[in-house]
Amino acid sequence: MSNTTERLKGGCLCGAVQFVATGQPKAVYWCHCQSCRRHTGAPVAVFALYDLKAYTVTKGEITKFDSTPGQTRRGFCARCGSTLTCESLPGPTETHFHIGAFDQAAQLEPTKKQYFKEERLPWLHIGDAEDTSVH
Ligand SMILES: [Zn+2]
Ligand SMILES: [Zn+2]
C-alpha cells in the first residue's frame, strides 16, 4: 500500500453524497463475489475498509439496501445510483468503501488480498495481485 494521506474525500457521481475518511484504511482489498458484481456493474470490486468512527458523511446520506438480509448491507446514492459502500450485519462497526468513490483512488492501492476468489471471472487477470489463500 502506498502512503495514504490522512484525510481522503469522496462522494458519488452527482455530488449529493460526500464523505471524508480519516487515517489509514484498515485494509484495501479485492472482492470477486457476484453480489459485488451486481451492485457495481464491474467485474471486480476494490474496497477500502474504515471503522465507523474513521469517516464522516459530510453531505447527503448513503442510502442502504440489504442485499443479503441479516448479512450484507450495501450503500449507494439514491439520486445518481453511484455504488458507495458495503457493510456486514448485524450491527456494522466498519464500512467497506468502494475505492472508486474516492477523489484520490490512486492512493488506495489494494493488497493481494482477494475475497471470494472462487467467484472470480475466469478471464479476469489482475497483474501480480495473486493470492493463494481462499479468503
Ligand atoms: Zn449521487
Ligand atoms: Zn463482494
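Which residue in strand 9 does Asp 51 stand opposite? In this predicted model, Asp 51 stands opposite Glu 94.

## Overall composition

The secondary structure of the protein chain amounts to 1 helix and 10 strands. Read from the N terminus, these elements follow the order β-β-β-α-β-β-β-β-β-β-β.

The protein chain has 135 residues, of which 32% count as buried. Among the contacts between residues at least 6 apart in sequence, 60% join residues at least 24 apart.

An open sheet is formed by 7 strands in the order 6-7-8-9-4-3-10, and its pairing is mixed. Strand 6 (63-68) and strand 10 (114-115) are the edge strands, each pairing on one side only.

Within this order, strand 7 (residues 72-76) and strand 8 (residues 83-88) run antiparallel and are joined by 5 bridges. Arg 74 has Cys 86 in strand 8 as its bridge partner.

## Strand 4 and its partners

Strand 4 covers residues 45-51. On one pairing, 5 bridges join strand 4 to strand 3 (residues 27-31), and the two run antiparallel. Here Trp 30 has Val 46 in strand 4 as its bridge partner. Strand 4 also pairs with strand 9 (residues 94-98) in the antiparallel sense, over 5 bridges; Asp 51 and Glu 94 stand opposite each other.

## Thr 95 in strand 9

Strand 9 includes Thr 95. This residue counts as buried because it has 24 C-beta neighbours inside 10 Å, the cut-off being 20 or more.

Thr 95 and Leu 49 are separated by 46 residues in sequence, yet their C-alpha atoms are 5.8 Å apart in space. Leaving out residues up to four places away in sequence, Thr 95 touches Tyr 50, Leu 52, Tyr 55, Thr 85 and Glu 87.

Strand 1 runs antiparallel to strand 2 (residues 18-22), and 5 bridges join the two. Gly 11 stands opposite Gln 18 in strand 2.

In soluble globular proteins, nonpolar side chains tend to be buried together. The largest nonpolar core of this model has 28 residues, and those touching the most other members are Phe 47, Leu 84, Phe 97 and Ile 99. At least two residues of this core come from each of strand 2, strand 3, strand 4 and strand 8. Strand 4 supplies the largest share, 5 residues.

Leu 84 may be followed through its own contacts. Apart from neighbours within four places in sequence, Leu 84 is in contact with Cys 12, Val 17, Ile 62, Gly 75, Phe 76, Cys 77, Phe 97, His 98 and Ala 101. One of these, Phe 97, is also listed with Leu 84 among the core residues that touch the most other members.

Methods
Residues are numbered from 1 along each chain as its sequence is written. Chains are lettered from A and ligands numbered from 1 in the order in which they are written. This is a predicted model: local features need pLDDT of at least 70, side-chain atom pairs count only at pLDDT 80 or more; totals for chains, interfaces and linings use all residues. A residue is buried if 20 or more other C-beta atoms lie within 10 Å of its own, exposed if 12 or fewer, and partly exposed in between; C-beta atoms are placed from the backbone. Helices (H or I, at least four residues) and strands (E, at least two) are DSSP runs, numbered from the N terminus. Two strands pair if DSSP finds at least two bridges between them. Two residues are in contact if their C-beta atoms, placed from the backbone, lie within 7 Å. A nonpolar core is a set of buried Ala, Val, Leu, Ile, Met, Phe, Trp, Tyr and Cys residues joined through C-beta atoms within 7 Å.
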